[in-house]
Amino acid sequence: MEIVRGERTAQEIVGLREKVRMDELEDFFPRAMTAAAEALGARGVEPSGPPVALYEDMSAEGFDVTAGYPVPAGAAPSDDVVAAMLPAGATVEAVHEGPYETLTAAHEELTAWFRENGMPSPTVVWEEYVLGPESGADPSRWQTRIVYPVG
């Protein structure tokens, strides 16, 4: 997995936000993506990129996750979904290829990269699901971009 530095502009997302434990993610994601897609569809808003999940306030008890879609600026949330912002600035990024069950190893590799480079691991991270189940591709070919803001 190649780890690269990048630069991002802020990106608004609309999705479902919940406090989730690792073992609850498999149930949370389909529910969150469906809620976000339905809310956007009801407003006639098209996502401006692939599905995304923003992880914040990570702890042993779980983390706050907002899962949904990037949207054009100002796409309002609804009663069912919230708006959140992917932060602007410098990033460290990598594209993981393989099933979602192996994403933990990719995050561990990125955490080791931060340690080796004398940098604290950020407490916020997001994943962009570039190629996944909806593509019909073999899970070994799925691609998830992992983005850690560092600025």
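Trainee: What should I know before reading the model?

Mentor: It is predicted, so local features need pLDDT of at least 70 and side-chain atom pairs count only at pLDDT 80 or more, while totals for chains, interfaces and linings use all residues. Residues are numbered from 1 along each chain as its sequence is written, and side-chain values use heavy atoms, with hydrogens and water left out.

Trainee: What is the strand order of the open sheet?

Mentor: Strands of a sheet pair through backbone hydrogen bonds, either parallel or antiparallel. Here eight strands run in the order E1-E6-E8-E7-E3-E4-E2-E5, with antiparallel pairing. Strands (E, at least two residues) and helices (H or I, at least four) are DSSP runs, numbered from the N terminus. Two strands pair if DSSP finds at least two bridges between them.

Trainee: Which strands stand at the edges?

Mentor: Strand E1 (3-8) and strand E5 (82-86) do; each has a single partner strand, so one side of each lacks a neighbour in the sheet. Six bridges join E1 to E6. Among the residues involved, Arg8 has Gly89 in E6 as its bridge partner.

Trainee: Where do the helices lie?

Mentor: H1 lies across E2, E3, E4 and E7, at about 35° to E4. H2 lies across E1, E6, E7 and E8, at about 35° to E8. Axes are lines fitted to C-alpha atoms, for helices over the stretch in contact (heavy atoms within 4.5 Å), and angles run from 0 to 180 degrees between N-to-C directions.

Trainee: Which residues touch the most other members of the largest nonpolar core?

Mentor: A nonpolar core is a set of buried Ala, Val, Leu, Ile, Met, Phe, Trp, Tyr and Cys residues joined through side-chain atoms within 4.5 Å. Buried means under 20% relative accessible area, exposed over 50%, partly exposed in between (1.4 Å probe, protein chains only). Of 32 residues, Phe29, Tyr55, Val65 and Ala67 touch the most other members. H1 gives the most to this core: nine residues.

Trainee: How many aromatic pairs are there?

Mentor: A pair of aromatic rings is described by the distance of the centres and the angle of the planes. Rings of Phe, Tyr and Trp (its six-membered ring) pair if their centres lie within 6.5 Å; planes under 30 degrees apart count as stacked, over 60 as edge-to-face and the rest as tilted. The structure holds seven. One of them, Tyr55 with Phe63, is edge-to-face: 5.3 Å centre to centre, 75° between the planes. Both residues, Tyr55 and Phe63, are buried.
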